[in-house]
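Please keep the sequence and the 3D view open side by side.

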Amino acid sequence: MRVDAAARLALGSLRAHKLRSILTMLGVIIGVLSVVTMVSIGEGAKRQIDDQVRALGSNIMILSTGFGRGPVRQQGSGTPLTDRDARAIASQVSGVRVAVPVRQGGTQAVADGVNWSTQLFGTTNDIIIARDWSLASGRMFTTSEERGGGKVAVVGQTVVKELFGGQDPIGRTFRANRIPLTVIGVLTPKGQNMLGQDQDDIIVVPLKTAQSRLLGGGNRAPGEINQIIIKAENDRVMDAVQRDTDALMRERQRIGPDEPASYNLRNLSEMMQLQTATTNVMTALLSAIASVALVVGGIGIMNIMLVSVTERTREIGLRMAVGARPADVLLQFLTEAAMLSLLGGLIGIALAVPLCFAIASFAGWTVAIPPTMIAVSVLFSAGIGLVFGFYPARRASRLNPIEALRYD
């Protein structure tokens with residue numbers, strides 16, 4: 001028997017028992033729907049993590065004032081970092097593209113009677129390289145503005161929206177911590193980072209401006225900063241840069257190799273890999289749980305096919321009596337089982353796609369449906385039918401024609 005003839009016979013059998021066929025497919029439909037949805041949510045989460053890390057910048061490490069010693073550790077209680085540390089890392093650690101000092105703090109910005117609380121970054125022009133930023137309009141600082149602590153600022157899109165009503169702010173003046181600043185540039189949008197913080201809600205000023213005018217005061221060391229953003233030349237040298245930076249900082253702060261560091265050096269690539277690995281494990285776990293429905297659906301197909309073999313025993317005997325071979329009967333029943341499972345898989349996929357978009361719309365999650373997942377789901381659902389339909393098909397093909405014709 002040809003495959004196309006077996007497919008026509010299978011479709012005829014399914015149409016003859018529509019309700020039973022639909023109920024049989026239900027387990028496969030639910031299983032494929034669940035698996036595709038879970039994998040799509042997991043893939044969306046991985047892409048979101050990847051986008052967030054890229055927004056922070058590629059090949060990045062963050063060196064910040066570490067954690068104090070003793071049982072209770074407070075951030076910022078270690079030896080303070082200075083801009084001299086950044087220059088030392090940039091010049092003495094091989095594989096470092098830029099090492100950017102950052103003095104960070106909150107500020108209240110005021111423009112034309114509008115107040116907005118935001119984050120202020122005092123840094124250098126190299127921040128553009130380190131964080132893979134770009135300018136939507138305007139420019140960065142000149143050399144004289146950096147050296148002299150010029151009263152200029154580059155702002156993010158959220159500050160433009162909230163402080164200037166979305167209008168072009170280039171050349172306009174606002175006050176931050178009562179110091180007048182002139183806007184010279186606007187950053188392109190970056191979105192939220194891995195911690196959910198708005199990266200566009202930011203004001204960037206020259207480092208000396210932040211140190212001497214905006215975020216000074218208190219018992220601060222000369223040139224003190226909050227962190228150093230280190231960008232490696234490529235991902236292959238990240239481990240070496242991290243190791244050499246740690247060695248250099250221990251030397252500069254006179255910390256022994258066995259003593260706890262008074263600073264914190266974080267590799268953002270490792271953070272991304274950890275989060276991605278966690279997401280992969282959760283996706284695999286949820287998919288495995290959802291796959292149980294596929295197995296249940298396969299058992300349902302086997303059960304119905306066994307019932308079908310019993311109901312059609314005389315039909316099978318008649319086919320064999322007029323020349324059908326056992327292989328033809330086997331092919332016919334396998335085709336019916338595969339078609340049941342395949343149709344269930346296609347319906348499950350058709351339902352999963354709008355469900356994923358609905359989840360993305362109402363829950364605000366990032367959902368991505370990989371095309372390979374669609375293909376795998378189709379093949380897997382057909383395979384479920386073949387695996388669980390083989391025993392009933394084999395049983396039908398081994399019936400004795402004489403005994404089958406006598407069956408009531």
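1. Ground rules. This is a predicted model: local features need pLDDT of at least 70, side-chain atom pairs count only at pLDDT 80 or more, and totals for chains, interfaces and linings use all residues. Residues are numbered from 1 along each chain as its sequence is written, and side-chain values use heavy atoms, with hydrogens and water left out.

2. Salt bridges. The structure holds seven of them. A salt bridge here is a side-chain nitrogen of Lys or Arg within 4 Å of a carboxyl oxygen of Asp or Glu. One of them joins Arg87 to Asp83, with the closest N and O atoms 4.0 Å apart. These residues sit four apart in helix H3 (residues 83-92), so about one helical turn separates them. Helices are DSSP runs of H or I with at least four residues, strands are runs of E with at least two, and both are numbered from the N terminus.

3. A bridge between helices. Arg252 pairs with Asp85, the closest N and O atoms being 2.7 Å apart. Arg252 lies in helix H8 (residues 238-252) and Asp85 in helix H3, so the pair ties together parts 167 residues apart in sequence. Asp85 is buried at 6% relative accessible area, while Arg252 is partly exposed at 34%. Buried means under 20%, exposed over 50%, and partly exposed in between (1.4 Å probe, protein chains only).

4. Helix crossing. Find helix H11 (residues 326-363) and helix H12 (residues 371-397). Their axes come within 7 Å and cross at roughly 150°. Axes are lines fitted to C-alpha atoms, for helices over the stretch in contact, and angles run from 0 to 180 degrees between N-to-C directions. H11 and H12 are therefore roughly antiparallel; that label needs an angle over 145 degrees.

5. The loop runs between strand S7 (173-176) and strand S8 (179-187). Arg178 is found in this loop too, and its phi is positive at about 75°. Arg178 is exposed, at 75% relative accessibility.

6. Surface patch. Leu19, Leu23, Leu26 and Ile30 form a nonpolar patch with about 400 Å² of accessible area together. Patch residues have over 30% relative accessible area and no salt bridge; like charges are joined within 9 Å, nonpolar side chains (Val, Leu, Ile, Met, Phe, Trp, Tyr) within 5 Å. Areas come from the Shrake-Rupley method with a 1.4 Å probe; for residues, only the protein chains shown count as cover. Leu19 belongs to helix H2 (residues 18-56).

Key: Angles under 35 degrees count as roughly parallel, over 145 as roughly antiparallel, 65 to 115 as roughly perpendicular and the rest as oblique.
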